[in-house]
Amino acid sequence: MSVARLAEAVGMDKGQISRALAGLVSRKLVSRAVNPRDNREVLVCLTRSGLIAHETIVAGALERNQRLLEPLGKDEVAWLAGAD
């Protein structure tokens with residue numbers, strides 16, 4: 001994904017994304033490369049370590065959500081799912 005597309009997807013400006021990516025690159029969670037189709041564009045993707053970290057975070061979030069929803073009835077869960 002390009003930096004511009006990533007910024008648009010998460011609702012941040014490109015400067016904020018670039019700073020955040022620099023930290024992720026230094027921690028070897030994300031890699032950056034020039035787009036071979038357009039040298040003006042930088043592509044980013046998760047590294048193997050980044051994918052493992054992502055999977056761990058998602059699993060933890062799902063577990064936490066399950067624990068939070070456990071005491072609720074089906075109607076309450078449905079109401080929460082529809083709430084904005």
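Ala4 is partly exposed, at 39% relative accessibility (buried is under 20% relative accessible area, exposed over 50%, partly exposed in between, with a 1.4 Å probe and protein chains only). Ala4 sits in helix α1, residues 3-10 (helices are DSSP runs of H or I with at least four residues, strands runs of E with at least two, numbered from the N terminus). Ala4 and Asp38 are 34 residues apart in sequence. Their C-alpha atoms are 13 Å apart in space.

This is a predicted model: local features need pLDDT of at least 70, side-chain atom pairs count only at pLDDT 80 or more, and totals for chains, interfaces and linings use all residues. Residues are numbered from 1 along each chain as its sequence is written, and side-chain values use heavy atoms, without hydrogens and water.

## Helix α2 and its two ends

Helix α2 covers residues 14-26, 13 residues in total. At 1.5 Å a residue, α2 should span 18 Å (the expected span is 1.5 Å times one less than the number of residues). The end C-alpha atoms of α2 are 18 Å apart, so the model agrees with that value.

Asp13 caps the N-terminal end of α2. One of its side-chain oxygens lies 2.9 Å from the backbone nitrogen of Gly15. After α2 comes Lys28. Lys28 belongs to the loop between α2 and β1. Its phi is positive, near 60 degrees, although Lys28 is not glycine. Is Lys28 buried or exposed? Lys28 has a relative accessible area of 60%, so the residue counts as exposed.

Asn35 lies in strand β1, residues 30-35. Asn35 is buried, because its relative accessible area is 9%. Its side chain reaches the backbone nitrogen of Arg37 at 2.9 Å. Setting aside neighbours within four places in sequence, Asn35 is in contact with Glu41 and Leu43 (contact means heavy atoms within 4.5 Å).

Asp38 is in strand β2, residues 38-46. With a relative accessible area of 24%, Asp38 is partly exposed. The side chains of Asp38 and Arg40 make a polar contact of 2.9 Å (a pair of N or O atoms within 3.5 Å; within protein, one must be able to donate a hydrogen and the other to accept it, and residues adjacent in sequence count only if both atoms are side-chain atoms).

## The largest pocket

The largest pocket holds about 160 Å³ of space. Its lining consists of Leu24, Arg27, Leu29, Val30, Leu46, Gly50, Ala53, His54 and Ile57. Which helix gives the most to this lining? Helix α3, residues 48-69, does, with 4 residues. By class, the lining has 6 nonpolar, 2 polar and 1 charged residues.

A pocket is an open set of points on a 1 Å grid over the protein atoms alone where a 1.4 Å probe fits, with protein on both sides within 12 Å along at least five of seven lines; lining residues have an atom within 4 Å of a point. Points join across faces, edges and corners, and volume is the space filled by probe spheres set on them. Ala, Val, Leu, Ile, Met, Phe, Trp, Tyr, Cys and Pro count as nonpolar, Asp, Glu, Lys and Arg as charged, and the others, Gly among them, as polar.

## From α3 to α4

Pro71 is in the loop between α3 and α4, the latter being residues 74-82. Pro71 counts as exposed, at 67% relative accessibility. Pro71 and Ala59 are 12 residues apart in sequence. Their C-alpha atoms are 20 Å apart in space.

Gly82 lies in helix α4. At 53% relative accessibility, Gly82 is exposed. Leu29 is 53 residues away from Gly82 along the chain. The C-alpha atoms of Gly82 and Leu29 are separated by 34 Å.
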